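Dear colleague,

Here is the structure I promised to pass on. My notes follow below it.

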Amino acid sequence: MKKILQLSLGIITSVGGFLEIGSVTTAAQAGAQFGYKLLWAILLGTLCLIFLIEMSGRLAAVSKHTIVDAIRERFGFPFFFFVLLGTVLVAFMVLVAELGGIGFALQILTGIRFPWWALPVSFVVWLLMWKGTFSLIENGASLLGLVTVSFVVAALRLNPDWTSAASGLLPTLPDDDKSKYWFLAVSILGASISPYLMFFYSSGAIEDKWDRTYLPINRVIAAFGMTFGGFLSMAVLIVAALALRPKGIQVETFQQAALMMTTALPKWGFYLFALSMLFACFGAALEISLAISYFFSQGFGWNWSEDVEPSSDARFAFVYTLIIGFAAVPLMFGVDPIKITMMSMALTSATLPLAIVPFLFLMNDPIYLGKHRNGWISNTVVGVVILISFVLAVVSIPLEIMGG
Amino acid sequence: MKRLLFATVILLVSCKPPTPAEQMDAILSWVGSAIVLGNGWLRHTTPDTYTRQTLTLSHDQLRQIGAELLKSPPATIDSTELDGALTRSGTHLARMAQLVEARNSPGFNQVLDSLELDQKALKQLSDKIESSQ
């Protein structure tokens, strides 16, 4: 019974915690500019994420190692440090974007501009980290994030042509603006396959003391939670395609993104959008702050747990205190969170091999996983998607910067 | 490290400014946003502060992108016509923001109708620019 409850909660929190500023912004921009044409990128990213999340849980349950622990142990400190630099830098940019997303949500609700929210929002995030437990952060924020299901309601209300939408699941070339198209495809992949999710998930499995009996639960949570989450991202794209594209509206700002929901659900759309962004970004900010602290603490061999008093793992608490404080600075100076989001999502794609390739080696190592190591399907799916993301990122980021 | 810095500088220096067609798309996007927003405000589905701030943002963006576009207008269109359409749209957006503050729905409705006419004029100019490229 306890495990059935854990399973249900795991799926619900995966759905509630799936959307964040990156997935909403990239999907909204893609729908507004290219209609359904980029649905395939969400499908590909979600498929890869299902495998990666399942692997992260399996590694933790079988080997009792988090990903970071195992990478450091297996490949040595110099290599780990290289992974740490790349991954933490990108995760930090994503954290700035998420805090900015909360600020923007509060801006459209109150009229007070987002730079003024940078400090109070960062303080609340920090306070929850300081006082909260792992399950409060994992479950509380994600349950509130279930308001993002309103994007599915909005998509259904707009009555999409499902045949056209289904055709978007196969990659097609656009007639014009190819560099923007590929840049958005890369950003969507980066938003879907965020390495911080893996670090957070594997650390959570250790915090929750998973063992081999959790392997079936892990598989179901990864498959169903991520699939439903992927549907949410697709719903955002569909709403933007139907509500904004016919009117020629591009999503350059948060204010414009809100219009997709006011069109789809006139009565409550505005508030549902604002609350969706508020809770989704809040949950993501907590998860990223935790993931970065886990990364440092596990890599350097410090005490770590969100479930103990900060005095018992002072260096773990110091890392998130420092990171959250630094992340508030660019926002206080008015740096546009949407621009940071788009660049950080594309950079996530470009740096994916840094975190995923060593992880794939680990997942095939019998010392860590014994008979539970990866089969050829997992290796192929993840390997191919990461390769595609990396190649597209390397080609499209300079093209987008140079304007095609 | 030096090579990385050099590559970054080259990339940034070679950043290409948006084409006139892209600038017109951006202008139409802001005018379209204002129209959707305006209709929402008349139906009482968007709050006053958000509506006013977004209309002001649309006005500022329109002025900024329009000024850039008018620095080197495409030869295929009459720049006086473009300037006129942009000025009218900008005036209407600023007026709409004021009317939201005054909560004057009838007046707002009239200006919104005028903005829809501006949108048509801008769309025609945009089509001309796109067909010439």
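A residue is called buried here when its relative accessible area is under 20%. Thr66(A) has a relative accessible area of 0%, so Thr66(A) is buried. Please keep in mind that this is a predicted model.

Thr66(A) sits in the loop between helix H3 (39-63) and helix H4 (67-75) of chain A. Setting aside neighbours within four places in sequence, Thr66(A) is in contact with Leu59(A), Ser202(A), Ser203(A), Ile206(A), Gln298(A) and Trp304(A).

Ser233(A) belongs to helix H12 (residues 215-243) of chain A. Its relative accessibility is 4%, so Ser233(A) also counts as buried. With neighbours within four places in sequence left aside, the contacts of Ser233(A) are Phe18(A), Leu19(A), Ser23(A), Ala27(A) and Ile42(A).

**Salt bridges**

Over all chains, the whole structure holds eight salt bridges. Glu54(A) and Arg219(A) form one of them through their side chains, at 4.0 Å from N to O. Glu54(A) is in helix H3 of chain A and Arg219(A) is in helix H12 of chain A, so this pair ties together parts that are 165 residues apart in sequence. Glu54(A) is buried, at 11% relative accessibility. Arg219(A) is partly exposed, with a relative accessible area of 49%.

Arg74(A) pairs with Asp365(A) in a salt bridge, and their closest N and O atoms are 2.7 Å apart. Arg74(A) lies in helix H4 of chain A, while Asp365(A) lies in the loop between helix H16 (337-363) and helix H17 (366-369) of chain A, so the pair ties together parts that are 291 residues apart in sequence. Arg74(A) is partly exposed at 36% relative accessibility. Asp365(A) is buried at 7%.

In chain B, Arg103(B) forms a salt bridge with Asp48(B), with the closest N and O atoms 2.7 Å apart. Arg103(B) is in the loop between helix H4 (79-101) and helix H5 (105-132) of chain B, and Asp48(B) is in helix H3 (residues 48-71) of chain B, so the pair ties together parts that are 55 residues apart in sequence. Arg103(B) is exposed, with a relative accessible area of 61%. Asp48(B) is partly exposed, at 23% relative accessibility. Back in chain A, salt bridges with shared partners join Glu54(A), Arg58(A) and Arg219(A) into one network.

**Aromatic rings**

How many aromatic pairs are there over all chains? The count is 27. Trp210(A) and Tyr214(A) have ring centres 5.4 Å apart and planes at 10°, so this pair is stacked. Trp210(A) is buried, with a relative accessible area of 10%. Tyr214(A) is buried at 8% relative accessibility.

The rings of Phe224(A) and Phe228(A) have centres 6.3 Å apart and planes at 45°, so that pair is tilted. Phe224(A) and Phe228(A) are four residues apart in helix H12 of chain A, so about one helical turn separates them. Phe224(A) is partly exposed, with a relative accessible area of 45%. Phe228(A) is partly exposed as well, at 39%.

One aromatic cluster is made of Phe77(A), Phe80(A), Phe81(A), Phe199(A), Phe295(A), Phe296(A), Phe300(A) and Trp302(A).

Chain B has five helices and zero strands. Of its 133 residues, 41% count as buried. Among contacts in chain B between residues at least 6 apart in sequence, 77% join residues at least 24 apart.

The contact between the chains takes 24 residues from chain A and 23 residues from chain B. About 1,900 Å² is buried between chain A and chain B, and carbon and sulfur atoms give 61% of that area. There are zero salt bridges between chain A and chain B. Five residue pairs are in polar contact between them, both residues being at pLDDT 80 or more. On the side of chain A that touches chain B, the elements giving two or more residues are helix H5 (77-110), helix H13 (254-264), helix H14 (269-300) and H18 of chain A. H13(A) gives the most to that side, with six residues.

Best regards

Methods:
Residues are numbered from 1 along each chain as its sequence is written. Chains are lettered from A and ligands numbered from 1 in the order in which they are written. This is a predicted model: local features need pLDDT of at least 70, side-chain atom pairs count only at pLDDT 80 or more; totals for chains, interfaces and linings use all residues. Side-chain values use heavy atoms; hydrogens and water are left out. Buried means under 20% relative accessible area, exposed over 50%, partly exposed in between (1.4 Å probe, protein chains only). Contact means heavy atoms within 4.5 Å. Rings of Phe, Tyr and Trp (its six-membered ring) pair if their centres lie within 6.5 Å; planes under 30 degrees apart count as stacked, over 60 as edge-to-face and the rest as tilted. Buried area is the accessible area (1.4 Å probe) that two parts lose on being put together, summed over both. A polar contact is a pair of N or O atoms within 3.5 Å; within protein, one must be able to donate a hydrogen and the other to accept it, and residues adjacent in sequence count only if both atoms are side-chain atoms.
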